[in-house]
Amino acid sequence: MQHPSSVSLSDTVAAFDAAGREPSVREQIEALGPWFHNLHLPGGVQTTPEHFLGGDFPNFKWQEIRPFVPEDLSGWRVLDVGCNAGFYSFELARRGASVLGIDVDEHYLAQARWAAKQLGLGAQVEFRKMQVYDLARTDASFDLVWFMGVFYHLRYPLLALDLLAERTRRMLMFQTLTMPGDSVYGPVEDCSIDDRAPLLESGWPRMAFIEHRLAGDPTNWWAPNHAGVEAMLRSSGLRVEARPGHEIYLCVPDAEARRGRAMFESQYAAATGAIGEGR
């Protein structure tokens, strides 16, 4: 993704060095813009207080979620998938966690690394340029996986979810764009091939495919319904424990649900093996 930033931070620093002074925090923020996360920095400075989503984003989401996350994460290893400028990485680090934030966008990673220094959290948070699928090349596991705002941007979303469920030791926080409605049709254990009408019921697990754009974004590929979200989480070996907010699901590994992965383990092994071999 290209960002309409006209000047880099290094250019700004060089220009001010030539003028004999250091750029202010606000000038550095502007050089690193545009920002999607509004970060609250020391001295009351914010990165994007006038957010197009309205309110203090993503802090207003965090306020819904925070009661569902342990206050003390000391000793926890956390993975923040699609970390952007690091808002959630920093909040989890403040609770004592060691956090790995991954993103594919160097623009956001530059923001996150700069902000980590401003917040004094550089020793607790590491940021890497990685695809979620790159996890297939590692044996890493995490106490908490933060998987918010990414699923529907992925061309292969279930592979990503399976990878992350496999690497979740305690909790996974999940959020995705969804279709309207919370209805759940049941039971859905089987359906006759001669009578597929139940698949049209509003609460049947399903996911809409977006061929072109949603909200002007060509990377918005999917919009599952609520029943579909819960079904996919279960099929990946997770159990939904709570719903902290709209479109947000707190999950834990579930041994019974995990047994359901057996039916696709050979496909999963082939896909992750191919990634691991770099093909």
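Which residue forms a salt bridge with Glu 265? It's Arg 258, with the closest N and O atoms 3.1 Å apart. Keep in mind that this is a predicted model, where local features need pLDDT of at least 70, side-chain atom pairs count only at pLDDT 80 or more, and totals for chains, interfaces and linings use all residues. Residues are numbered from 1 along each chain as its sequence is written, and side-chain values use heavy atoms, with hydrogens and water left out.

**Salt bridges**

- A search of the whole structure turns up 14 salt bridges (a side-chain nitrogen of Lys or Arg within 4 Å of a carboxyl oxygen of Asp or Glu).
- Glu 265 and Arg 258 also belong to a salt-bridge network that takes in Glu 166 and Arg 261.
- Glu 265 is partly exposed at 24% relative accessibility, and Arg 258 is partly exposed at 32% (buried means under 20% relative accessible area, exposed over 50%, partly exposed in between, with a 1.4 Å probe and protein chains only).
- Arg 170 pairs with Asp 143, and their closest N and O atoms are 3.1 Å apart.
- That pair links distant parts of the chain, 27 residues apart: Arg 170 sits in strand β5 (residues 168–175) and Asp 143 in strand β4 (residues 142–148).
- Asp 143 is buried at 5% relative accessibility, while Arg 170 is partly exposed at 39%.
- Arg 113 and Glu 106 make a salt bridge too, at 3.8 Å from N to O.

**Largest pocket**

- The largest pocket has a volume of about 1400 Å³ (the space filled by probe spheres set on grid points joined across faces, edges and corners).
- A pocket here is an open set of points on a 1 Å grid over the protein atoms alone, where a 1.4 Å probe fits, with protein on both sides within 12 Å along at least five of seven lines; lining residues have an atom within 4 Å of a point.
- Its lining has 41 residues, with Phe 36, Gly 149, Val 150, Tyr 152 and His 153 nearest the centre.
- By type, the lining of the largest pocket splits into 24 nonpolar, 10 polar and seven charged residues (Ala, Val, Leu, Ile, Met, Phe, Trp, Tyr, Cys and Pro are nonpolar, Asp, Glu, Lys and Arg charged, and the others, Gly among them, polar).

**Second largest pocket**

- The second largest pocket comes in at about 530 Å³.
- Of its 20 lining residues, Ala 231, Met 232, Arg 234, Ser 235 and Ser 236 are closest to the centre.
- α7 gives the most to this lining, with four residues (helices, H or I of at least four residues, and strands, E of at least two, are DSSP runs numbered from the N terminus).
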